[in-house]
Amino acid sequence: MSELARRYAAACYDLVPDAECFADAAQFIGGCTPLRETLEDPTIDWRAKERVLIRLPLFSDAPRLLDFYRLLAKKGRMKLLPEIAEAFQTLDLERHNTAVCEMRCVRIPDEARQEKMRAALCKLHHRDQIFLKITTDPDLLGGFLLKIDGVTYDHSVRGQLRSLARQLQERRMI
């Protein structure tokens, strides 16, 4: 994520701290290929892009958000929108003392197990809430791998086998 995207996200967050409204607009624009391509096209004048933005119903109750998107169009920065949206979400999570934890596992754990993991991670990382973003990965062989706040916890069978192999190799060298 670029520093420019972070700065735009911070400026927008000061204007429109409503994360849901911002996310809805970013998803709408990102999900509509002709609209996104039009707004990103450097050959189209920014005034034409502004006219398109003004007509979108998603900005009818959010004039400040519309102003932000108009600024992006005028400066030719619409291609940064996915990065800005990611940075905006990060700011909102930090404001609410919340984190996203990426979890890779062979099988998705049941809800009770997920809740225990959330509670343990909240305590360990001093957070009020943790969102688990779970993906399955059969290559782990078993167990799980967690990434949160720049820290990786590898409790997978594959990770344990790698650790064992490393230890055996170190002993050979002695």
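Trainee: Is L141 buried or exposed here?
Mentor: L141 counts as exposed, because its relative accessibility is 55%. The cut-offs are under 20% relative accessible area for buried, over 50% for exposed and partly exposed in between, with a 1.4 Å probe and protein chains only. Keep in mind that this is a predicted model, where local features need pLDDT of at least 70, side-chain atom pairs count only at pLDDT 80 or more, and totals for chains, interfaces and linings use all residues. Residues are numbered from 1 along each chain as its sequence is written, and side-chain values use heavy atoms, with hydrogens and water left out.

Trainee: Got it. Where is L141 placed?
Mentor: L141 is in the loop between β2 (129-136) and β3. Strands are DSSP runs of E with at least two residues, helices are runs of H or I with at least four, and both are numbered from the N terminus.

Trainee: Switching to pockets: what volume does the largest pocket have?
Mentor: About 370 Å³. Of its 17 lining residues, T90, L93, A99, V100 and D149 are the closest to the centre. A pocket is an open set of points on a 1 Å grid where a 1.4 Å probe fits, with protein on both sides within 12 Å along at least five of seven lines; lining residues have an atom within 4 Å of a point.

Trainee: Which element gives the most to that lining of the largest pocket?
Mentor: Helix α6, with 5 residues. α6 (81-95), β1 (98-105), β3 (143-148) and β4 (151-156) each supply at least two. By class, the lining of the largest pocket has 5 nonpolar, 5 polar and 7 charged residues.

Trainee: What about the second largest pocket, what volume is that?
Mentor: About 200 Å³. The largest share of its lining, 6 residues, comes from α2, and the lining residues include F22, F88 and L93. Its lining has 7 nonpolar, 3 polar and 1 charged residues.

Trainee: Last one: where is W46 found?
Mentor: W46 is in helix α4 (residues 46-55), and counts as partly exposed because its relative accessibility is 24%. W46 and K75 are 29 residues apart in sequence and 8.0 Å apart in space, C-alpha to C-alpha.

Notes. Points joined across faces, edges and corners; volume = space filled by probe spheres on them. Nonpolar A, V, L, I, M, F, W, Y, C, P; charged D, E, K, R; others polar.
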